[in-house]
Amino acid sequence: MRSGNPVLKNGTFQRSGLQGESMTLGGTVAKISLLFLFLLGTATYTWYQYSLGADVTIMMVIGAIGGLIFALITAFFPKAAPVTAPIYAALEGFFIGGISAFVEGAYSGIVIQAVSLTMAVMGALLFLYATRIIKVTKNFRLMVVSATLGIFLVYLVNFILNFFGLTVPYLHSSGPIGIGISLVIVAVAALNLVLDFDFIEQGVNRGAPKHMEWYGAFGLIVTLVWLYIEILRLLQKIRR
């Protein structure tokens, strides 16, 4: 039951208790669609404001900080997911919309490329998982979780170094090494989707409570947002 996604962690279903209606795959897919619509709606609004010449920096900051707060609340209190997950998606949309608008202004057409690649990667991995071409084994989980933790630590070190005017070497470079690093991070983010699919399937099979549909959907959206940002970063490096 372990997932590389930090918000979909081991023991969540057991901790929630098995009472009332059970989690279903169809219900989870519906919740994923709703959260995606919330995300797309606020992202589109931010993009539109940017196109009108408005300063969307405040929206992005509110979206980033607010999204993090509600992500943490949802992670620690899964029963609150029916309320907190939609709020998270809406707030994250403000951040994603702003970032996308800024990057699109510098590199025309890059956003549609990033969105298309993100959806293509998710569709391909879902097919590979559903047909069991990719099997979630103990070693597979360990590999993805370890790689995800390593990336998190690198980003954390880079964040701290920024206060001293420094960065992790090659992390933001647009040269061959920098592009290679981004490719690895994109691959790890993509593999987290497989763990998320497995986590949701296990929840359905174990008869997890109904609110876990929102929680599972939330976890998948978190991974999709991360994957999209990393693909956008990779395309940006290639354009440069």
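Predicted model: local features only at pLDDT ≥ 70, side-chain atom pairs only at ≥ 80, totals over all residues.
Residues are numbered from 1 along each chain as its sequence is written. Local features need pLDDT of at least 70, side-chain atom pairs count only at pLDDT 80 or more, and totals for chains, interfaces and linings use all residues, while side-chain values use heavy atoms, with hydrogens and water left out.

**Stop 1: α7 and α8**

Select residues 176–205 for helix α7 and residues 212–239 for helix α8. Helices here are DSSP runs (H or I, at least four residues), numbered from the N terminus. The two pack at an angle of about 165 degrees, with axes 9 Å apart. Axes are lines fitted to C-alpha atoms over the stretch in contact, and angles run from 0 to 180 degrees between N-to-C directions. α7 and α8 are therefore roughly antiparallel, a term used for angles over 145 degrees. α7 passes α8 in a left-handed crossing (the near helix is turned anticlockwise from the far one by less than a right angle). By class, the contact of α7 with α8 has 17 nonpolar, six polar and four charged residues. Ala, Val, Leu, Ile, Met, Phe, Trp, Tyr, Cys and Pro count as nonpolar, Asp, Glu, Lys and Arg as charged, and the others, Gly among them, as polar.

**Stop 2: Asn192**

Stay in α7 and select Asn192. Asn192 is buried, with a relative accessible area of 1%; buried means under 20%, exposed over 50% and partly exposed in between (1.4 Å probe, protein chains only). What does its side chain reach at 2.9 Å? The backbone oxygen of Val188. A polar contact of 2.9 Å also joins the side chains of Asn192 and Thr148. A polar contact is a pair of N or O atoms within 3.5 Å; within protein, one must be able to donate a hydrogen and the other to accept it, and residues adjacent in sequence count only if both atoms are side-chain atoms.

**Stop 3: Tyr88**

Move to helix α4 (residues 81–106) and select Tyr88, which is buried at 5% relative accessibility. Not counting residues up to four places away in sequence, Tyr88 touches Gly67, Phe70, Ala71, Phe218, Ile221, Val222 and Val225 (contact means heavy atoms within 4.5 Å).

**Stop 4: two loops**

Select Arg132, in the loop between α5 (110–130) and α6 (138–162). Arg132 is not a glycine, yet has a positive phi of about 65 degrees. Next, select Tyr170, in the loop between α6 and α7. Tyr170 has a positive phi of about 70 degrees, although it is not a glycine. Arg132 is partly exposed at 37% relative accessibility, and Tyr170 is partly exposed at 46%.

Key
Parallel < 35°, antiparallel > 145°, perpendicular 65-115°, else oblique.
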